[in-house]
Amino acid sequence: MSFALAARTQRMNPSAIRDILKVTERPGILSMAGGLPAPEAFPVEAIRRASDHVLGTQGAAALQYASSEGLSGLREWVAEHLSCPGWRIDPAHVLITTGSQQGLDLLGKVLLDEGACVLVEQPTYLGALQAFTPYGPVMQPWAADAEGPLADELAGDPGAAVAYLIANFQNPGGQCLGEARRQALAQALPRGHTLLIEDDPYGALWYDAPPPAPMASRAPQQVAYLGSFSKVLSPGLRVGYMVMPGGEDDAARALRSKLLQAKQACDLHTPGLNQRLILELLQGGFDLEAHLHEVRERYRLQRDVMAHALATYLPRDCRWQVPPGGMFFWVEAPEHVDTLARLPRAVEAGVAYVPGAPFFSSNDTVKRNALRLSFVTLSPAQIEEAVARLGPCLA
């Protein structure tokens, strides 16, 4: 039997990271590949207590169908938590999503026609490329300098339909945009016709200083802001959110309406039980700030151990920057090293990483000598051993 697949399926590609994670299941492999939060940092007991309370007091409602927009109390919490001077968020503009990854897909579905231009950093989040590509856009590398993506790229005519940005502790690069560049980008947005997607899963994971205010606070009518509870509470609950662009003009209203319709067509609603668990955590005595402080202290130590290990064990002509937050180091090996070709050698040595090539949207910009290393799921001792194993594989 044969089936006729839709043409768009030819543009769907497997996740290089998910494929590599299968390899890491072998006994003895020390994996620096996955972008997984440390399971030791999950508030398991607090979630268990929240589950008992929710099922004991709201069981029927928690197990029933729910509104597509999301639980009103959770939308209100997101709006209040994110609001800051100059950016007062209407809870009606918050859409609860099944992970922030769903938000990327919804925005692609609503905003991208075949051939539409999308500005993307080089490198950029692999999952965003996967989400946008089936809709047939043209991925345009976003020109950048040492301070980050250039503002002039947003002011072109007709310009890009969408620009995709991880301003805080970028995946995979780890950099955080400074205040001056954020201001320049915000000032450029009204001069063009581009909607900026600000993806912020890592903003709470800062180790040296909190990041500057979000781009959405500077241009709320031209930015769709994506956030997630995956990195701060649990990825298994699959709860994220989108702050849709503000404004009460016809275009803004139409965009919010179509995003909601796309959400309804996709999954009707994000699991109501999971939303209620998170809301109970946030309002039921769980100290989120204390929890985040503990997570940051754990990850800061692991980051510092990896920074020391890289300096100790990698070949001298490898280059990297110590990330001020997030979960990743981006390493550039010597030019002659193809990290995809070297991966089997690394696995034989008992260590895994993600090659850099899949994070680039263009063969003209790809760095085949780059690799991404995650530092949050291994113990300090394991990090040192993993990097020691990696060093000879990059020589």
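Which residue in E10 is the bridge partner of Leu-226? Met-242 is that partner, and strand E10 is a friendly place to begin a tour. This is a predicted model, in which local features need pLDDT of at least 70, side-chain atom pairs count only at pLDDT 80 or more, and totals for chains, interfaces and linings use all residues. Residues are numbered from 1 along each chain as its sequence is written, and side-chain values use heavy atoms, with hydrogens and water left out. Helices (H or I, at least four residues) and strands (E, at least two) are DSSP runs, numbered from the N terminus.

**Strand E10 and its neighbours**

- Strands count as paired if DSSP finds at least two bridges between them.
- Strand E9 (residues 223-228) and E10 run antiparallel and are joined by four bridges.
- Strand E2 (residues 94-97) is also antiparallel to E10, again with four bridges, and Leu-95 has Met-242 as its bridge partner in E10.
- From E10 (residues 240-243), Gly-240 and Met-242 point one way while Tyr-241 and Val-243 point the other way, and all are buried.
- Here, buried means under 20% relative accessible area, exposed means over 50%, and partly exposed lies in between (1.4 Å probe, protein chains only).

**Strand E3 and its parallel partners**

- Strand E3 (residues 117-120) pairs with strand E4 (residues 138-141) in the parallel sense, over four bridges.
- Val-118 is a handy landmark: Met-139 stands opposite Val-118 in E4, and Val-162 stands opposite Val-118 in E7.
- The pairing of E3 with strand E7 (residues 162-165) is parallel too, over three bridges.
- Together with helix H5 (residues 126-132), E3 and E4 make a right-handed β-α-β unit.
- Right-handed is meant in this sense: with the strands pointing away from the viewer, the path from the first strand over the helix to the second runs clockwise.

- In helix H10 (residues 339-348), the buried residues are Thr-339, Arg-342, Leu-343, Ala-346 and Val-347.
- These residues lie on the same side of H10 because they cover an arc of only 150° around the axis, judged by the directions from the helix axis to the C-beta atoms.
- Ala-341, Pro-344 and Glu-348, on the other side of H10, are exposed.
- At the N-terminal end, Asp-338 caps H10, with a side-chain oxygen 3.0 Å from the backbone nitrogen of Leu-340.
- After H10 comes Gly-350, which has a positive phi, near 90°.

**Salt bridges**

- A salt bridge is a side-chain nitrogen of Lys or Arg within 4 Å of a carboxyl oxygen of Asp or Glu, and by this rule the count comes to 15.
- One of them joins Asp-52 to Arg-48, with the closest N and O atoms 3.2 Å apart.
- Both residues belong to helix H2 (residues 44-62), where Asp-52 and Arg-48 are four residues apart, about one turn of the helix.
- Asp-52 is partly exposed at 47% relative accessibility, and Arg-48 is partly exposed at 40%.
- In another pair, Arg-319 and Glu-332, the closest N and O atoms are 2.6 Å apart.
- This pair links distant parts of the chain, since Arg-319 sits in strand E11 (residues 319-320) and Glu-332 in strand E12 (residues 328-332), 13 residues apart.
- Arg-319 is partly exposed, with a relative accessible area of 42%, whereas Glu-332 is buried, at 12%.
- Salt bridges with shared partners also join Glu-45, Arg-48 and Asp-52 into one network.

Key. Polar contact = N/O pair within 3.5 Å; in protein donor to acceptor, adjacent residues only side chain to side chain.
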